[in-house]
Amino acid sequence: MTPPTHHTLPNGLTVLLKEVHSAPVISWWLAYRVGSRNEPTGKTGISHWVEHMMFKGSPRFPAGTLDREIDRAGGQWNAFTSMDATKYFETLPADKVDIAMQAEADRMTNALFDPEETESERTVIISERQGAENQPTFWLQEELRAAAFRVHGYHHEIIGDEADLRTMTRDDLYAHYRGHYNPANAAAIAVGAFDSADMLAKIDELYGAIPAQPAPALFARPEPPQQGQRRVAIERPGKTAFCEICHRAPAATHPDWMKLKVLDAVLTGSSGASDNKTSRLYEALVKSEIAASVGASLTPTIDPYLYSIIVTLRDGRSPEAAEAALLREIERLQADGISESELKKARKQSRAAFAYSTESVTWQAYWLAQSFILGEVGWFDAYAERLMSVTADDVQDVARRYLLPVSRVVGYLHPTDAQGEPA
Amino acid sequence: MTQLDSIPRGDNITRAELDNGIVVLAYENPAVQSVNLMASLHAGSLYEDPRRNGLASLTASALMTGTVKRNFDQLHSALEDNGADLGFRAHVHKVGFSGKALAEDLSLLVDVANDALRNPVFPAEHVERLRGERLTWLQYSQFDTRYRAGRAMREALYPACHAYHYSPSGSEKTIANLDLPDLADFHACNFGPRGMIIVVVGAVAADDAVSLAAEAFGEWRNDDQPPILTVDEPDTAPESLRRDVFVPGKTQSDISMGIVGPARQANDYLAARLANSVLGEFGMMGRIGKSVREQQGLAYYAFSRLGGGHGPDPWTISAGVNPENVERAIASIRREVDRLTSELVSREDLADNQSYFTGRMPLQLESNEGIASQIHSMESFGLGLDYLANYAELVKGIDRQDLLAAARTYLRAEEMVVAVAGPQQNGA
């Protein structure tokens with residue numbers, strides 16, 4: 001597979017290009033280094049709201065015109081705000097990519113933030129949050145984050161607190177936009193059927209003229225070390241109980257992150273590669289009929305975040321039983337490590353997952369954008385090789401150093417009836 | 001590479017009909033390292049007794065709990081040790097299965113699929129566990145407003161004697177009452193090669209893929225397999241056009257509006273798809289999105305969708321709104337449906353949507369799974385293997401009158417069933 005090429009325009013814009021000629025399609029991305037991580041109290045959710053406003057027009061492309069333009073070109077476009085970043089993308093037939101490149105160059109500096117549109121979007125975003133609140137697990141996740149991070153911006157949901165969504169102003173949003181959307185804080189990524197020299201020339205023409213600004217000083221507050229186990233409990237109407245156990249995980253570029261990835265493959269299975277019915281936690285929790293399902297997440301983040309394991313309880317089973325069974329498996333891992341056959345399986349799953357994730361140009365571009373955000377543009381390209389180098393001893397070592405009570409946050413979701421009594 | 005070079009069509013898809021009725025289609029995609037296996041057979045919930053609703057679904061899921069040759073652990077280890085996966089799922093008409101593996105493991109994937117499909121033993125311990133997992137999911141769904149609104153809409157739109165009244169997943173009551181032998185009986189009677197379609201797409205030679213599938217599935221016979229069933233439109237109007245479902249502890253209400261739409265094989269299906277795009281898809285969720293979200297700020301999502309399966313699936317409109325805004329959103333949606341059925345779309349709207357349909361096709365062929373899905377649809381709905389190659393011409397051949405006629409055939413704003421699930425205690 002051809003590696004991506006890496007360029008920097010004089011105004012500081014990072015450019016990553018990867019030619020893939022398997023289909024006449026190009027995926028075009030703009031990634032900005034700003035997300036919910038960089039939001040102070042009172043402005044939570046502002047990065048996500050700014051992302052919404054980027055679809056509300058500029059003098060050149062009034063609201064609604066790009067929706068039509070991109071769809072008319074047969075493209076798909078969307079945007080994502082994460083804890084670390086805001087990413088915009090268009091995937092189009094290769095001969096129609098110009099409209100996407102023009103659109104992103106334009107809205108890097110010319111988005112309008114019309115006051116009426118801002119107010120209309122306020123209710124849309126509150127509706128988005130209320131839709132998420134309809135899921136009982138949203139409340140558990142929100143409470144767990146807040147417990148795990150007292151200081152760092154990872155402590156609040158990306159959507160933001162409703163109090164802030166009701167009070168932030170158009171000027172707040174515009175200031176956030178102007179402060180963070182500039183070439184030195186962004187990367188342009190193209191993956192697909194193009195000639196790199198032609199593409200670079202086109203990027204230079206469209207983006208080279210955007211004035212250089214210093215990279216913004218990003219708001220970020222490091223989380224102090226946790227001093228002991230933290231516990232939260234949520235009660236919501238329903239019939240299903242959940243137990244989630246989180247441990248502080250290192251940043252994605254830390255050598256230990258990949259070791260934890262292999263550890264996760266052993267505990268819950270390599271995500272995306274299988275349905276994980278031979279993993280240790282499936283055996284301990286689902287086969288034992290404590291749980292209906294078990295899953296985990298280890299998100300690649302700029303700063304240390306969480307390795308989370310979430311258990312959906314079967315009817316009549318308690319979160320305490322799930323916690324006890326899960327902790328027994330962690331202790332077993334710390335005491336006995338993993339077998340060579342488990343390591344071999346994790347490696348093969350990883351190779352397969354990598355192959356699946358590179359089938360589409362859109363996903364390849366996503367991972368290049370994410371690598372830029374993490375501060376290491378080769379991060380995804382080196383992913384498989386780094387994972388293959390992890391040993392069984394490495395896995396036991398990170399289990400002993402990271403899966404400790406002192407850095408643990410445990411959350412229970414107890415179902416209640418409509419009156420709030422235990423279900 | 002031109003756009004046409006990369007379109008699966010009659011002269012680059014290898015198609016074989018096996019003696020037992022299975023149709024195998026293979027398409028080589030040398031740009032990837034993996035392979036996708038996608039298949040279907042006529043054994044969906046349509047073939048179950050409604051009193052045993054969920055039987056087809058539980059049977060399909062239980063195929064992966066153990067076979068004559070492999071127990072539960074061996075079955076899953078065979079796949080997971082190699083980073084492969086395989087899953088079976090029942091819909092109303094069909095059971096579908098889909099799996100993926102590294103190209104080097106295609107023979108393993110085909111072997112496991114064949115084993116699970118033909119030789120299941122439905123071990124009690126594992127099936128009971130699966131039943132417990134299903135019951136947990138069904139209990140959870142009772143508190144999911146989107147699920148409840150969608151179910152309430154379908155239950156009102158299709159009478160209890162109609163197959164589309166029921167969820168293929170079953171209910172807590174019917175799943176709890178199923179007997180273990182029911183699964184083996186359902187499998188023995190309904191799973192067979194007649195009407196089965198197998199599609200293989202990926203980094204393997206098409207002829208090799210066809211040979212592998214033929215070798216594995218070619219000897220399968222089932223003389224008890226029933227004839228393929230079809231589903232007609234309901235012959236009675238809904239008894240009630242409004243359902244309100246109280247779900248405690250929620251902050252948002254979900255709206256599901258529906259009316260019987262066209263089957264995929266209907267002559268006006270493509271015109272109806274274009275009309276739907278104008279109504280609730282194109283741009284930011286079409287005219288409905290523009291009115292409900294963009295202009296009034298009532299909802300994060302508000303869109304329309306055409307089912308378009310083997311029978312009269314519903315034409316649906318969905319929105320999630322604050323409980324205070326439910327009636328306003330419904331009224332706005334009705335106005336857009338009225339408009340679509342009373343006036344021609346503009347020439348510009350038609351051209352935009354035609355361009356959207358034809359331009360997006362290459363994007364649906366980005367992955368093995370996307371290609372396999374398109375090939376499967378061409379075969380399953382009898383569209384012909386050159387359908388994608390002729391797609392642009394077909395889309396451009398539709399005019400404004402066709403859209404209006406299709407909209408008028410199926411949509412009537414005041415006759416749509418409206419279901420609302422949320423924290424509101426009283427309906428309108």
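**A walk through the predicted two-chain model**

Start at Ala329(B). Setting aside neighbours within four places in sequence, Ala329(B) is in contact with Ile255(B), Val292(B), Leu298(B), Ala299(B), Ala302(B), Ala319(B) and Val321(B). Contact means that the C-beta atoms of two residues, placed from the backbone, lie within 7 Å. This is a predicted model: local features need pLDDT of at least 70, side-chain atom pairs count only at pLDDT 80 or more, and totals for chains, interfaces and linings use all residues. Residues are numbered from 1 along each chain as its sequence is written, and chains are lettered from A and ligands numbered from 1 in the order in which they are written.

Ala329(B) belongs to the largest nonpolar core, which has 260 residues. A nonpolar core is a set of buried Ala, Val, Leu, Ile, Met, Phe, Trp, Tyr and Cys residues joined through C-beta atoms within 7 Å. Buried means 20 or more other C-beta atoms within 10 Å of a residue's own, exposed means 12 or fewer, and partly exposed lies in between; the C-beta atoms are placed from the backbone. Ala31(A), Ile189(A), Leu285(A), Val311(A) and Ala329(B) touch the most other core members. Helix H9 (residues 255–267) of chain A gives the largest share of this core, eight residues. Helices (H or I, at least four residues) and strands (E, at least two) are DSSP runs, numbered from the N terminus.

Now the chain interface. Here 60 residues of chain B are in contact with 61 residues of chain A. On the chain B side, the elements giving two or more residues include helix H2 (72–80), strand E4 (85–90), H10 and helix H12 (347–360). The largest share, eight residues, comes from H4(B). By class, the chain B side has 21 nonpolar, 27 polar and twelve charged residues. Ala, Val, Leu, Ile, Met, Phe, Trp, Tyr, Cys and Pro count as nonpolar, Asp, Glu, Lys and Arg as charged, and the others, Gly among them, as polar.

In chain B, 33 residues of domain 1 are in contact with 37 residues of domain 2. H5(B) gives the most to the domain 1 side, with ten residues. That side divides into 18 nonpolar, ten polar and five charged residues.

Two backbone angles deserve a look. Phe122(B) is not a glycine, yet has a positive phi of about 50°. Phe122(B) sits in the loop between helix H3 (106–118) and H4 of chain B. Phe122(B) counts as buried because it has 21 C-beta neighbours inside 10 Å. Met285(B), also a residue other than glycine, has a positive phi near 65°. Met285(B) is found in helix H10 (residues 282–295) of chain B.
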